[in-house]
Amino acid sequence: MRITSILPDYARSRVALGAAFFVLLVCLLIVAITALNAWNARAVQLKELKTATENMARSLAQHADDALRAADTSLVGVTERVANDGVSPKALARLQKLLALQVSELPELKALFITDKDGRLLATSRAAFDPANNSANREYFVYHRTHTDLGPHVGPPVRSRSTGDWVIPLSRRLNDANGNFAGVALATIGIDYFSEYYNSFDIGEQGAILLALNNGTQLVRRPLLPDSVGKDLQAGPLFQLYSPFNLSGNAEMVSPTDGVVRLNSYRHLGHFPLVVNAALSKDETLAEWHRATLLDATVIAIIIVVLAFLGFRLVGQIGLRVQAEREARRTGEALRKLNHTLEKLALQDGLTGLANRRHFDIVLKDELSRATRSASSLALIMIDVDCFKQYNDLYGHLAGDECLRQVGLALQGTEGRPGDLAARYGGEEFALLLPNTDVAGALRVAEEIRKTIRELEIRHERNLPGVVTVSAGVNALMPVPPDAMPSHLIGAADEALYLAKSSGRDRVMASNAN
């Protein structure tokens with residue numbers, strides 16, 4: 001609702017409106033400052049959220065990297081033992097004890113296994129095992145059988161055949177003395193080892209932590225959902241975030257799993273093809289900010305209502321004091337309107353509605369000054385109706401006036417820019433002033449005018465084409481020199497117009513100066 005619509009009529013004065021505007025401005029400033037402070041507080045909260053997720057991702061990556069490196073160190077020792085001692089019954093008995101000792105000393109290890117080239121179990125850290133268990137169909141076994149590298153391999157999670165628990169397999173290839181595939185050394189790390197560590201973080205009710213392979217296979221997640229372990233994340237937006245070319249990164253996104261908006265920070269492990277992701281709920285993080293902002297908004301609303309009440313009471317008092325000036329203002333406004341109308345009439349041609357010669361002279365002088373200061377160009381088109389005296393003699397002055405009106409309407413359509421000015425220069429002669437226009441541009445405009453007026457097909461039997469035509473002369477100052485005078489521009493354009501007339505009419509000619 002506009003302020004003037006709620007004020008009494010006598011208060012619609014400049015003073016009253018000024019006071020009302022001041023009250024409104026104060027209220028808006030209070031609202032703006034409060035909103036700015038609230039927005040800054042929100043930005044601080046989100047920045048802290050980003051820092052928290054980045055630090056959490058760094059800690060999670062370090063934990064996972066340390067666990068896998070410890071397990072891989074055990075595998076390196078085991079592979080060296082097998083390479084040196086072989087797999088004789090006596091050597092396997094000693095190896096069995098070594099495996100059990102390493103598992104007991106490393107909490108991240110669930111178990112250690114040694115298999116032969118056919119997947120049969122040779123030794124394990126467990127006191128009892130079923131020799132019938134065969135690993136030939138496991139992903140890690142197939143990988144090592146078909147790949148010759150001896151480095152560590154992290155496979156997708158599997159369920160332990162002995163305990164039924166989910167484990168992450170970390171394995172290395174065993175070769176015989178000839179370099180042929182001889183089996184696999186396997187370490188399993190329990191999912192629960194990571195889950196216990198992840199539970200130590202405060203991620204709120206809607207936060208999430210996950211550990212996944214670089215190929216998108218999810219290994220661990222908090223909270224743990226029924227389909228979390230082994231889930232393929234490649235099709236989801238989260239996996240697209242894990243650029244293999246960047247060690248770490250972050251992004252805000254909506255989870256396809258539960259629809260929660262979270263700020264995600266990821267980090268790739270330094271020594272293994274895994275990535276960790278820490279995500280905290282944006283809504284949970286901003287919950288306290290929402291409560292504080294709502295409280296501040298309530299207090300500010302009360303203050304604004306009080307200020308508005310007192311302010312508009314003041315406006316009413318001001319209105320009473322200026323009531324006596326109302327008639328004077330109305331009279332002054334009517335006088336200003338009359339003066340404006342008279343000024344407009346004084347600068348407008350009564351027949352065509354275009355600017356008159358006086359208006360043209362004023363604008364030309366101003367445009368010359370402006371173009372001189374800015375070193376820009378200024379173009380002028382002088383236009384004359386061909387054989388107009390004969391037209392008046394043949395059809396009468398009323399028809400001649402109508403002809404000039406039609407030409408004026410055509411010229412009004414060429415004022416395409418705010419600075420362009422079409423004017424009736426005198427009699428049947430017109431002028432079009434074009435700031436910031438070179439001679440080529442002015443020639444195009446002049447030619448369009450000539451064609452437009454010819455296409456009006458105003459009958460003129462004493463003009464050679466049989467219809468009313470115009471001739472035009474063009475001049476442009478590029479740029480306008482400091483000593484330029486209106487006569488310089490008009491004189492050259494007038495000479496070009498005379499040249500167009502003497503060359504057969506119905507044409508556009510440029511000044512020799514151009």
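**Close-up views of a predicted model**

View 1. Leu29 sits in helix H2 (residues 14-85); helices (H or I, at least four residues) and strands (E, at least two) are DSSP runs, numbered from the N terminus. This is a predicted model, in which local features need pLDDT of at least 70 and side-chain atom pairs count only at pLDDT 80 or more, while totals for chains, interfaces and linings use all residues. Residues are numbered from 1 along each chain as its sequence is written, and side-chain values use heavy atoms, with hydrogens and water left out. Leu29 has a relative accessible area of 45% and is therefore partly exposed (buried is under 20%, exposed over 50%, partly exposed in between; 1.4 Å probe, protein chains only). Together with Phe21, Leu25 and Ile33, Leu29 forms a nonpolar patch on the surface with about 390 Å² of accessible area. Patch members have over 30% relative accessible area and no salt bridge, with nonpolar side chains (Val, Leu, Ile, Met, Phe, Trp, Tyr) joined within 5 Å and like charges within 9 Å. A salt bridge is a side-chain nitrogen of Lys or Arg within 4 Å of a carboxyl oxygen of Asp or Glu. Areas come from the Shrake-Rupley method with a 1.4 Å probe; for residues, only the protein chains shown count as cover.

**View 2. Surroundings of Arg405.** Helix H12 (residues 397-412) contains Arg405. With a relative accessible area of 32%, Arg405 is partly exposed. Its side chain makes a polar contact with the side chain of Glu402 at 3.1 Å (N or O atoms within 3.5 Å; within protein, one must be able to donate a hydrogen and the other to accept it, and residues adjacent in sequence count only if both atoms are side-chain atoms). Leaving aside neighbours within four places in sequence, Arg405 is in contact with Leu351 and Thr352 (heavy atoms within 4.5 Å). From Arg405 to Pro465 the C-alpha distance is 20 Å, at a separation of 60 residues in sequence.

**View 3. Two cis peptide bonds.** Arg222 and Pro223 are joined by a cis peptide bond with omega of about 0°. Pro223 belongs to the loop between strand E8 (218-222) and helix H6 (237-241). Another cis peptide bond, with omega of about -10°, links Met478 to Pro479. Pro479 is in the loop between strand E15 (470-477) and helix H14 (486-502).

**View 4. Positive phi at Ala375.** Although not a glycine, Ala375 has a positive phi of about 55°. The loop between helix H10 (357-374) and strand E12 (378-385) holds Ala375. Ala375 is exposed, at a relative accessible area of 54%.
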